[in-house]
Amino acid sequence: MGKPKVVLGVSGGIAAYKACELLRRFTESGHDVRVVPTASALHFVGAATWSALSGNPVSTEVWDGVEEVPHVRIGQHADLVVVAPATADMLAKAAHGLADDLLTNTLLTARCPVVFAPAMHTEMWEHPATQENVATLRRRGAVVVEPAVGRLTGVDTGKGRLPDPAEIFEVCRRVLARGVAEPDLRGRHVVVSAGGTREPLDPVRFLGNRSSGKQGYALARTAAARGARVTLVAANTTGLPDPAGVDVVPVGTAVQLREAVLKAAADADAVVMAAAVADFRPAVYAAGKIKKKDGQEPEPIVLVRNPDILAEISADRARPGQVIVGFAAETDDVLANGRTKLARKGCDLLVVNEVGERKTFGSEENEAVVLGADGSETPVPHGPKEALADTVWDLVAARLG
Ligand code: CTP
């Protein structure tokens, strides 16, 4: 098998320079990349740069090397087309099937998965014309990554930034790995909770846990690559980059996590509770730092129960047919405890993994069994957290019908 063939379309926005980083990630990981910029993109980054970085010829028009019929060949032979940045103009052309340069011709001839990473000013992104074009492209099976929120060109800040190239690369890698032209979660809204809650004792101390958030982030990233709109409720996951195209809601405590999950779940098709939620919190929060007192025993910490969010959303579904997934970390009698927990929580699926000192926490890999309320049992062999995430979404997609 040769190298996977990737077409990197670049349209004319200031974020074009970030596509160099995306290109480098593709070439360094063994992809054959053909960069197809628009004429306007060359105002930002020149053809020499694209050609040198990709090791392939670069042209914007269909009139170069006509004997090789590039306007048809490039698209036909691609395993993936990614347009980053995609301007409002490019989205409009793609949605309407215009073909006035090499990139737009390529988009019409490609039969592989197509990913758009839009970048533009907030007003242009929010304009009904752009939103309708995005909806059209998604309906046809393209993955359109939501822009990030942040600093835009000039003094403006808002939604419209090109997501981090490393994260766009992750979306592309997932789309390529699955090799599907039809993102099976498109049109779906999914909510994922990730990380571990922290329950403050005083302004400097908290009760917490060792969850890194990596499994939840893998779930968010894979769902976005499968076309879903994703809300990621992230508890204390500082250090993990926001996955491309995912709305991240940062929270600290179990009570805050509950509020954010309930709000996002109101219109969600599925909720996956991957966060490690503290079952208890200190009954009293000391407004000032708790001090040690010479000659005195420390005060015991009194705890109160936190709400069980998974049980609550399972018992009182925000929408009929909403699929709810829980996680269980167990140290002993893993399967038996998992079955009991599934019944007690009332969710549809429970991902049970064995934890211990060196297992799961903070690692890149995972091994689990997914138990279904219908009695099913899906073992997931030791492997990347994304493989487990994909199995979870396979089972969710099957239940959504
Ligand atoms: N969970 C939750 N709210 C809580 C505690 C846990 O929503 N207050 C969710 C977690 O996100 C996870 C699942 O419930 O999806 C399992 O959590 P776990 O802590 O393993 O189960 P517990 O109910 O706490 O059972 P035990 O401590 O007895 O193992």
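Q: Which residues are buried in α9?
A: This is a predicted model, with local features needing pLDDT of at least 70 and side-chain atom pairs pLDDT 80 or more, while totals for chains, interfaces and linings use all residues. Residues are numbered from 1 along each chain as its sequence is written, and side-chain values use heavy atoms, leaving out hydrogens and water. Buried means under 20% relative accessible area, exposed over 50% and partly exposed in between, with a 1.4 Å probe and protein chains only. In α9, the buried residues are Gln215, Gly216, Tyr217, Ala218, Leu219, Ala220, Arg221, Thr222, Ala223, Ala224 and Ala225.

Q: How many residues of α9 are buried, and is the helix mostly covered or mostly open?
A: Helix α9 spans residues 214-225, which makes twelve residues. Eleven of these twelve are buried, and the helix is mostly covered.

Q: What distance does α9 reach from its first C-alpha to its last?
A: The expected span is 1.5 Å times one less than the number of residues. For α9 that gives 16 Å, and the model comes close to it, at 16 Å.

Q: How many helices and strands does the protein chain have, and what is its radius of gyration?
A: Helices (H or I, at least four residues) and strands (E, at least two) are DSSP runs, numbered from the N terminus. The protein chain has 13 helices and 19 strands.

Q: What share of the residues in the protein chain is buried?
A: Now for the whole chain. Of its 401 residues, the buried ones make up 51%.
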